[in-house]
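Colleague: Could you walk me through this model before I start on my own notes? I would like the overall picture, then some of the details.

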Amino acid sequence: MYTSNSGSQWGSPDAPRKALLIHGLAMCSSSWEGIAQLLVAEGQVLRYHAYDALFSTSFTGFFVVAPNLLGHAWRRCTDYRVSTLTEDLRPYFIKDTSYDVIVGHYLGGLVALSLLSFLPKMKETAVILLDPPPLEIEETIEMHKSWFLNEVANIGSTEEQVDLGWSQRDRVLYALGFSMCNSTTINGVFLHNRPWSFSGLFKNIPPHVTITVLVSDPQVGAVCRAEHVPRGIEKLNVRVLPGIGHCIHWECPDAIVDLIRLPRAKL
């Protein structure tokens, strides 16, 4: 993994596929470490060349890129509108740079939806949203804000995270994300996006884009609900994950990988 102030990347830029991973509120690019490693390693095959008795590796995996959103990982910001967070990622699409897969968690899901207009029109892209925030939460916005403010001030206990099934690595990454965020960012995100209304982001999905929303179990901390997602939209799929909490990429990474159909290298 290579890390900079603005993001992280894994794998080789020459890999045949590219993935863009967008973290959630109060997280950072490093929070994708586990799923990024899976995507980079997926499809690697060790070949033996009998003639010269050498081994080589064949790749069908991903080059993975994950930005740090404005206001996160010590990035300063004064405008926390989703549209501004999205515009900040425009450099990731210069010279018609394309991605086979874009994954967004919570706030990153709204940013991922807002990126659709940046995508090259001839490239098939799978967009995967992990437990995004409710699209219309004006009546509960203060509750959501209060939870994040409390968590920034008092990062959740290790025991609670163990109960959620998180690995030691992911518990550290959780604490890292919140430690590099502050109340200004939390207040800004909820204040600058009022009225909180994002249902329109699902309108006019481009024909070359497929969107899947993975919804966590309401009994174990889900933020999104299946009923929050608009119905009857072509190329939009919703899947509920029983027993899985809000941080799907830490608790059930296979649910993400299974959605990404990779061509397998031939022996």
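Modeller: The protein has nine helices and 10 strands, where helices (H or I, at least four residues) and strands (E, at least two) are DSSP runs numbered from the N terminus. This is a predicted model, in which local features need pLDDT of at least 70 and side-chain atom pairs count only at pLDDT 80 or more, whereas totals for chains, interfaces and linings use all residues. Residues are numbered from 1 along each chain as its sequence is written, and side-chain values use heavy atoms, with hydrogens and water left out.

Colleague: What share of the 267 residues counts as buried?

Modeller: Of the 267 residues, 53% count as buried, with buried meaning under 20% relative accessible area, exposed over 50% and partly exposed in between (1.4 Å probe, protein chains only).

Colleague: And what part of the contacts comes from residues 24 or more positions apart?

Modeller: Such pairs account for 77% of the contacts with a separation of 6 or more, a contact being heavy atoms within 4.5 Å.

Colleague: On to the helices, then. How many residues of H3 are buried?

Modeller: Eight of the eight residues of H3 (residues 107–114) are buried, and the helix is mostly covered. Among them are Leu107, Gly108, Gly109 and Leu110. The buried residues of H3 pack against strands S3 (17–22), S7 (101–105), S8 (125–130) and S9 (209–215), and also against helices H2 (82–87) and H7.

Colleague: Which residues of H1 are buried, and what covers them?

Modeller: In H1 (residues 33–41) the buried residues are Glu33, Gly34, Ile35, Ala36, Leu39 and Val40. Their cover includes strands S2 (7–10), S3 and S6, together with helices H6 and H9 (253–257).

Colleague: You mentioned H7; at what angle does it pack with H4?

Modeller: H4 (residues 141–153) and H7 (residues 183–192) pack at an angle of about 170°, with their axes 9 Å apart; axes are lines fitted to C-alpha atoms, for helices over the stretch in contact, and angles run from 0 to 180 degrees between N-to-C directions. H4 is therefore roughly antiparallel to H7, since angles over 145 degrees count as roughly antiparallel, under 35 as roughly parallel, 65 to 115 as roughly perpendicular and the rest as oblique.

Colleague: Which residues make that contact between H4 and H7?

Modeller: H4 contributes Ile141, His144, Lys145, Phe148, Leu149 and Val152, while H7 contributes Ser183, Ile186, Asn187 and Phe190. By class, this contact has six nonpolar, three polar and one charged residues, where Ala, Val, Leu, Ile, Met, Phe, Trp, Tyr, Cys and Pro count as nonpolar, Asp, Glu, Lys and Arg as charged, and the others, Gly among them, as polar.

Colleague: What does Met180 touch?

Modeller: Leaving aside residues up to four places away in sequence, Met180 touches Cys28, His72, Ala73 and Trp74. Met180 is placed in the loop between H6 (168–179) and H7, and is buried because its relative accessible area is 14%.

Colleague: Where is Val238, and which residues does Val238 touch?

Modeller: Val238 lies in strand S10 (residues 236–240). At 29% relative accessibility, Val238 counts as partly exposed. Not counting residues up to four places away in sequence, Val238 touches Val213, Val215, Ala226, Val229 and Arg231. The C-alpha atoms of Val238 and Thr212 are 5.7 Å apart, although 26 residues separate the two in sequence.
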